[in-house]
Amino acid sequence: MSTKRSADVELAVDVRCKLGESPIWIPELQQLIWVDIRNGDFYKWVRGRDDVERTFVGHSVSAVAPRSAGGYVLATRSGFAMLDDNGAFDMIAEVEADNSSNRMNDGKCDVRGRFWAGTMSEQSTPGVGSLYTLNLDRSVTKRLAGVTISNGIDWSPDGKTMYYVDSLSHGLDAFDYNEERGELGGRQRVIDVEPSAGLADGITVDEEGFIWVALHSGGAVHRYSPEGILDLRVELPVPLVTSCTFGGPNLSELYITTAVDEDNVAPLAGAVFRYQARVAGLPCRRYGN
Ligand code: CA
């Protein structure tokens with residue numbers, strides 16, 4: 001295969017998250033936010049600074065997005081919550097409260113300001129998870145059932161396609177997307193990830209519509225065309241690569257979260273890394289209108 005490889009990855013934030021996830025770039029603050037699912041921590045870091053702000057949320061938190069009104073929306077183990085700028089936590093909608101073996105996982109806002117997040121089976125029981133939206137009126141809608149490990153989610157630049165990872169399906173599917181109603185239409189497999197390359201985890205879409213896929217246990221991020229052709233492989237010095245997002249002054253720096261590997265073979269495992277891309281990403285979307 002003639003896929004380009006890149007080794008131009010540098011350490012961006014010298015932290016050791018147990019399970020770093022859900023990186024989002026706040027352009028007006030030149031700030032990266034992300035979470036540590038295992039420790040229940042919410043992180044903020046301003047580009048160019050050495051210090052990191054870490055807030056213990058008090059709950060397992062698997063995804064975060066900024067709100068238009070200020071503060072943040074969270075996916076927690078058992079549902080959706082809000083976090084204000086002072087760290088005050090407010091649980092607003094439980095999800096699958098009757099199923100203690102599932103927990104919520106990755107999430108992201110769509111262009112209309114809905115927050116999407118799904119659930120996963122901690123025992124990898126097939127098909128017991130689902131994908132939900134927290135709507136603008138704070139109601140919750142189940143959008144998709146039959147999921148095993150709900151993971152990365154993002155949209156094409158024109159908003160007409162939603163890309164979605166169910167990790168144990170070993171790849172990524174595209175759905176026709178009705179932006180106005182938040183409804184999913186036809187589904188098709190776009191990217192297959194060989195199990196030997198790792199498990200597809202978090203994703204982000206760039207301004208050219210290419211999809212960057214973090215590879216858990218694969219030590220890399222792959223960039224794919226919308227047709228599913230592997231275009232670029234970015235290799236990381238740690239095996240558990242969890243998610244990525246574009247940031248920096250031109251939105252062309254790819255920030256990559258990672259997790260600690262149980263064998264402790266990688267000294268930098270759990271840190272946030274940066275890759276200087278040749279393309280820019282799309283601005284973050286916020287919850288609310
Ligand atoms: Ca994930």
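User: Why is S124 called partly exposed?

Analyst: S124 has a relative accessible area of 34%. Buried means under 20%, exposed over 50%, and partly exposed in between (1.4 Å probe, protein chains only), so S124 at 34% is partly exposed. This is a predicted model, in which local features need pLDDT of at least 70, side-chain atom pairs count only at pLDDT 80 or more, and totals for chains, interfaces and linings use all residues. Residues are numbered from 1 along each chain as its sequence is written, and side-chain values use heavy atoms, without hydrogens and water.

User: How do you know that E96 counts as buried?

Analyst: The relative accessibility of E96 is 18%, so E96 counts as buried.

User: What makes E21, N151 and D201 donor residues of the calcium ion?

Analyst: E21 (OE), N151 (OD1) and D201 (OD) coordinate the ion at 2.2 to 2.3 Å. Donors are N, O and S atoms within 2.8 Å of the metal (3.2 Å for Na, K and Ca), so these atoms qualify. Water is not among the atoms, so sites may look incomplete.

User: How are the donor residues spaced in sequence?

Analyst: The spacing is E-x129-N-x49-D. E21 in strand β3 (residues 20-26) and N151 in strand β15 (residues 150-155) are 130 residues apart, a pair that links distant parts of the chain. Both E21 and N151 are buried.

Definitions and conventions:
Helices (H or I, at least four residues) and strands (E, at least two) are DSSP runs, numbered from the N terminus.
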